[in-house]
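Subject: Structure handover

Hello,

Here is the structure I said I would pass on. My notes on the strands, the helix packing and a few backbone details follow below it.

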Amino acid sequence: MEEQPILAGLKPVLEFLEQSPEQADAVYVRKGQRTADTDRILDLCRRNGIRFTLCESAFLDRLCPHTSHQGAAVRLFQAGFIELEQLTELLYTAPLQLIAVLDHVQDPGNIGTLVRTLYAFGAAGIVVPRHNSAFLGSGARRSAAGALEKLPVCKVANISSALEFFRKNGLPVYGSACSVNGLNALTDPLHLPAVLVLGNEDKGLGPTVLKHCDHQIFIPMLRSFDSINVAQAGGILASCFLRHQL
């Protein structure tokens, strides 16, 4: 599967951001370059919540080895990102009325594998943070085996704010945590529609995010072990929700 496509050049990047900002994953602008076009590019990034990086020319040369980048490039996510409001509307018509929120999941393979499982189970979509999350490029797409182009993806500036949005819309938020004081995913009742939050591969969910969860949920293990892979955990938990909908 080919790498996440790159569009390079000042005018092409500017025109793309004006016409299809929802398909922009990240924008790169040469550090120190100030023109009317670069100012407009950065303004469109801020307005549309697109992450951007001011980088050295050498980085752009490596990113666009066969193209004259003119100091600007955009990494594309051609399936496009949707807004929280749209994802919430899709939730009620999904076969599995579940949204997965990925908090600082760094491994693109984990994201792709989880997306593949969620799509197969019928989940509504996923939410990822604008910063500190893996690119949805070739690694994620390869693991997803085509599901990443089909499962709706929402990118947000702040995970905690997104969770509060869901809660204000009457959706229970379940945070995955290694805590026996939470809900046992295999035995306790789970309610749909719902939001499931999955944390970073190493640190899990931080205390700030957990504060915005209505429930903590754990997977019981019969042998002593710190944790399991986030894609595996997400698949197990999604299947527990699926059981309540079937």
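Gln-70 counts as partly exposed because its relative accessibility is 41%. Please keep in mind throughout that this is a predicted model.

A second residue belongs beside it. His-104 sits in the loop between S6 and H5, and its phi is near 60°, again positive in a residue other than glycine. With a relative accessibility of 29%, His-104 is also classed as partly exposed.

The remaining backbone detail is a cis peptide bond, running from Leu-192 to Pro-193, with omega near -5°. Pro-193 is placed in the loop between S10 and S11.

Next, the strands around S2. Strand S2 covers residues 24-30, and six of its seven residues are buried, so the strand is largely enclosed by the rest of the structure. Its pairing with strand S4 (residues 72-76) is antiparallel and runs over five bridges; within that pairing, Ala-26 has Arg-75 of S4 as its bridge partner. S2 is also joined to strand S3 (residues 51-55) by five bridges, and these two strands run parallel. Here Val-27 has Phe-52 of S3 as its bridge partner. Between S2 and S3 the chain passes through helix H2 (residues 36-48), giving a β-α-β crossover that is right-handed.

H2 also packs against helix H1 (residues 10-19), at an angle of about 30° and with the axes 10 Å apart. That angle makes H1 roughly parallel to H2, and the crossing is left-handed. On the H1 side the contact involves Leu-10, Lys-11, Val-13, Leu-14, Leu-17 and Glu-18, which meet Asp-37, Thr-38, Arg-40, Ile-41, Leu-44 and Cys-45 in H2.

There is also an open sheet of eight strands, paired in parallel, in the order S5-S8-S7-S6-S11-S9-S12-S10. Strand S5 (81-82) and strand S10 (183-184) are its edge strands, each pairing on one side only.

- Helix H5 (residues 108-121) lies across strand S6 (98-102), strand S7 (125-129) and strand S11 (194-198), and runs at about 175° to S6.
- Helix H9 (residues 230-245) lies across S6, strand S9 (173-176), S11 and S12, and runs at about 160° to S11.

The last item is another helix pair. Helix H4 (residues 84-91) packs with helix H7 (residues 159-168) at an angle of about 45°, their axes being 11 Å apart. H4 is therefore oblique to H7, and their crossing is right-handed. Leu-84, Glu-85 and Thr-88 of H4 make the contact with Ala-162, Phe-165 and Phe-166 of H7.

A note on methods will follow separately.

Regards

How values were computed:
Residues numbered from 1 in each chain as written. Predicted model: local features only at pLDDT ≥ 70, side-chain atom pairs only at ≥ 80, totals over all residues. Heavy atoms only, no water. Buried < 20%, exposed > 50% of the residue type's maximum accessible area, 1.4 Å probe, protein only. Helix = DSSP H or I, 4+ residues; strand = E, 2+ residues; numbered from the N terminus. Pairing = 2+ DSSP bridges. Right-handed = clockwise from strand over helix to strand, strands pointing away. Axes fitted to C-alpha atoms, helices over the stretch in contact; angles between N-to-C directions. Parallel < 35°, antiparallel > 145°, perpendicular 65-115°, else oblique. Left-handed = near helix turned anticlockwise from the far one by under 90°. Contact = heavy atoms within 4.5 Å.
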